[in-house]
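Welcome! Please take a look at the sequence and the structure below, and keep both at hand for a few exercises.

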Amino acid sequence: MKKLLCLFIGIILCTLCGITVLAESEVDAVYYYVNSETGDDRGNDGLSATSPVKTFTRACNLAKNTDADVAYIVITNEYKITVNVNEVVHTVPFVVTTSDGKTDYALKHNAKIVFNGGRRYYLAGNTTFENIRIEHDTTLNFVAGFNRITMGDGVVTVCNDSKNR
């Protein structure tokens, strides 16, 4: 009886004080699709797999301006990077992935990121990598610069140079 009374009093106090317990809300997310073969940085908006942008840089530039809680950058084919990556400054967190939750482009189209040569990836905001294969042939450094970097579920890194494994 004491437990029931304490529970009842707790509920009354929470109600009087305006404290509410909310169910976990859905995250407002936007997806930008990148395909280095079929994408178009000028004519496509990148908002679907059928109208992808061509470059990772263009996807980042579009994503930085979103009002969403998170911006997913979905790589839909083998994307080769031959220069250092400098993310644009962004306040919305980025998630770099090969899956949009409906389609796994790694399975469907062998989607992945391939860094050629000793490369650096400079973050300019909080960035998560998940469900993605990241290949490199020599060194690959991620420079967070006081930003959060997360290697989430499904990240595979592979060095393709037998001398540097």
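The model is predicted, so to speak of local features a pLDDT of at least 70 is needed and side-chain atom pairs count only at pLDDT 80 or more, while totals for chains, interfaces and linings use all residues. Residues are numbered from 1 along each chain as its sequence is written, and side-chain values use heavy atoms, with hydrogens and water left out.

**Exercise 1.** Find how strand β1 and strand β2 pair.

Solution. Strands here are DSSP runs of E with at least two residues, helices are runs of H or I with at least four, and both are numbered from the N terminus. Two strands pair if DSSP finds at least two bridges between them.
- Start with β1 (residues 29–34) and β2 (residues 70–75): they pair in the parallel sense over 6 bridges.

**Exercise 2.** Work out the strand order of the open sheet of 4 strands.

Solution. 
- The order is β3-β6-β9-β12, and the pairing is parallel.
- At the edges stand β3 and β12 (155–159); each has a single partner strand, so one side of each lacks a neighbour in the sheet.
- On average, neighbouring strands are turned by 20° against each other, direction ignored.
- Inside this order, β6 (residues 112–115) and β9 (residues 132–136) pair over 3 bridges, and Phe115 stands opposite His136 in β9.

**Exercise 3.** Which residues lie nearest the centre of the largest pocket?

Solution. 
- Phe56, Thr57, Val83, Asn84 and Val85 do, out of 13 lining residues.
- Two or more lining residues come from each of α2 (56–63), β3 (78–81) and β4 (85–86).
- The lining divides into 7 nonpolar, 4 polar and 2 charged residues.

**Exercise 4.** Is Asn131 buried, partly exposed or exposed, and what about Phe146?

Solution. Buried means under 20% relative accessible area, exposed over 50%, and partly exposed in between (1.4 Å probe, protein chains only).
- Asn131 sits in the loop between β8 (127–129) and β9, and at 34% it is partly exposed.
- Phe146 belongs to the loop between β10 (140–143) and β11 (149–151), and at 90% it is exposed.
- Most residues other than glycine have a negative phi. Yet phi is positive for Asn131, at about 50°, and for Phe146, near 70°.

Notes: On a 1 Å grid over the protein atoms alone, a cavity is a set of points where a 1.4 Å probe fits but cannot get out, and a pocket is an open set with protein on both sides within 12 Å along at least five of seven lines; lining residues have an atom within 4 Å of a point. Ala, Val, Leu, Ile, Met, Phe, Trp, Tyr, Cys and Pro count as nonpolar, Asp, Glu, Lys and Arg as charged, and the others, Gly among them, as polar. Axes are lines fitted to C-alpha atoms, for helices over the stretch in contact, and angles run from 0 to 180 degrees between N-to-C directions.
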